[in-house]
Amino acid sequence: HQPRIPRPHRMFFVLVLCFLPTLWCSKCTINHIGIHTGCCGFPNTGKFLSTLNNSGLPATVKSVDAYGIIETASNMIKAGGPPHRLVFRNVPDAVPDYKKSPTEEASRLWAEHMKLLHKQAPNFDKENVWYEVINEPNALEAAWLANFSIAQAHLAMKAGIKYLAFGFSTGTPPIGAKGDPFNAWLLPAMVSYLKLCAQYPDKIGVALHEYSLTNKNIFAEFPYLVGRVKFLIDACTKLNIKPPTIFITEFGWGAGAIPGPKQAISGLTKAMNFYVQYPNIQGACIWCFQNGCAHSNAQVLPPLWNLTQHQKFPTGECP
């Protein structure tokens with residue numbers, strides 16, 4: 001009979017088989033689905049950031065009108081911590097007027113945003129924080145918004161600020177399917193913006209919102225709600241343009257409470273397995289962990305940081 005493999009060696013082979021997917025693919029990554037937060041604090045958000053930072057892992061965090069947690073993460077990076085993926089947005093009273101010149105509106109609104117930014121975040125970290133300007137605009141004005149964003153992108157680069165455009169709501173912009181009047185990503189002005197993004201991927205990008213609109217299935221109506229980002233990337237492939245830097249700056253199930261931890265983590269794992277196919281997607285920010293959101297949402301955060309600490313996701317670059 002053949003000689004038996006000694007017990008210590010057998011254990012080695014078992015460990016190799018357990019971790020073979022990760023060993024086979026050097027392009028695995030961690031979870032980059034994180035949190036959307038804002039004013040007034042929220043249970044476990046600070047611990048979410050500090051736990052991942054102490055583990056040497058980057059957290060994905062977006063905050064609106066409250067720079068505190070972003071500044072904390074920024075300081076962690078400067079102190080030698082991991083490269084946290086950070087987005088900040090503030091909300092001035094001014095909104096776009098689509099009847100006016102997009103270039104003039106870009107300048108007017110940029111001035112309003114800068115005034116508020118200097119007030120809310122005098123130590124704004126231009127090197128490590130992305131700045132999202134508008135929120136869920138009229139997607140039927142996609143051509144106007146593209147020209148607006150081109151003008152603002154140049155203002156942002158002049159100021160040394162990393163710029164995220166659009167913030168389109170879930171189920172938008174039009175992609176030329178299911179009765180849509182056009183494909184927004186193929187409009188000439190939009191193509192110009194995407195080419196600018198390809199030229200400056202570390203300075204200019206795209207923000208999108210993706211919600212399933214039901215707690216039952218994170219991929220309800222896929223890919224027209226969660227997963228709609230695919231149409232942007234497909235358009236870039238068709239145009240032979242490098243896809244832009246993308247943040248899903250609002251993500252989840254809907255305006256209500258997040259599902260319980262077990263169901264939520266199952267959905268988040270499925271979503272991350274989808275997003276990880278596209279290395280230009282920097283992360284997604286779960287709605288929501290801020291004033292006005294259900295406090296029961298906080299119970300999702302410990303299993304979320306455990307997921308980030310302990311699970312690897314093979315990227316689209318794996319064999």
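This is a predicted model: local features need pLDDT of at least 70, side-chain atom pairs count only at pLDDT 80 or more; totals for chains, interfaces and linings use all residues.
Leaving aside its neighbours within four places in sequence, which residues is Ala207 in contact with?

Once the neighbours within four places in sequence are set aside, the residues in contact with Ala207 are Glu132, Leu164, Ala165, Phe166, Gly167, Phe168, Phe247 and Thr249. One of these, Gly167, lies 40 residues away from Ala207 along the chain, and yet the C-alpha atoms of the two are separated by 4.6 Å.

Let me turn to a pair of helices. Helix α5, residues 102-120, and helix α6, residues 142-159, pack against each other at an angle of about 45°, and their axes are 8 Å apart. The two helices are therefore oblique to each other, and their crossing is right-handed. On the α5 side the contact is made by Pro102, Thr103, Glu105, Ala106, Ser107, Leu109 and Trp110, while α6 contributes Trp144, Asn147, Phe148, Ala151, Gln152, Leu155, Ala156 and Ala159.

Next, the cysteines. How many disulfides does the structure hold? There is one, and it joins Cys288 to Cys293, with a distance of 1.5 Å from S to S. The link between Cys288 and Cys293 is left-handed, with -100° about the S-S bond, and both of these cysteines are buried. Cys39, by contrast, is in no disulfide, and the nearest cysteine sulfur to it, which belongs to Cys40, is 3.1 Å away; a disulfide here requires the two sulfur atoms to be within 2.5 Å. Cys39 is also partly exposed, with a relative accessible area of 34%. For Cys197, the closest cysteine sulfur is in Cys236, and because the separation is 8.3 Å, that sulfur is too far for a bond. Cys197 itself counts as buried, at 0% relative accessibility.

The bond from Thr172 to Pro173 is cis, with omega near 0°, and Pro173 is found in the loop that runs between β6, residues 162-168, and α7, residues 188-199. The bond from Phe222 to Pro223 is cis as well, with omega near 5°, and Pro223 is placed in the loop between β7 and α8, the latter being residues 229-239.

With a relative accessibility of 58%, Lys178 counts as exposed. Asn44 is another residue other than glycine with a positive phi, in this case near 75°, and its place is in the loop between β2, residues 33-37, and α3, residues 45-54. Asn44 counts as partly exposed, since its relative accessibility is 29%.

Definitions and conventions: Residues are numbered from 1 along each chain as its sequence is written. Side-chain values use heavy atoms; hydrogens and water are left out. Axes are lines fitted to C-alpha atoms, for helices over the stretch in contact, and angles run from 0 to 180 degrees between N-to-C directions. Helices (H or I, at least four residues) and strands (E, at least two) are DSSP runs, numbered from the N terminus. Angles under 35 degrees count as roughly parallel, over 145 as roughly antiparallel, 65 to 115 as roughly perpendicular and the rest as oblique. A crossing is left-handed if the near helix is turned anticlockwise from the far one by less than a right angle, and right-handed if clockwise. Contact means heavy atoms within 4.5 Å. Buried means under 20% relative accessible area, exposed over 50%, partly exposed in between (1.4 Å probe, protein chains only).
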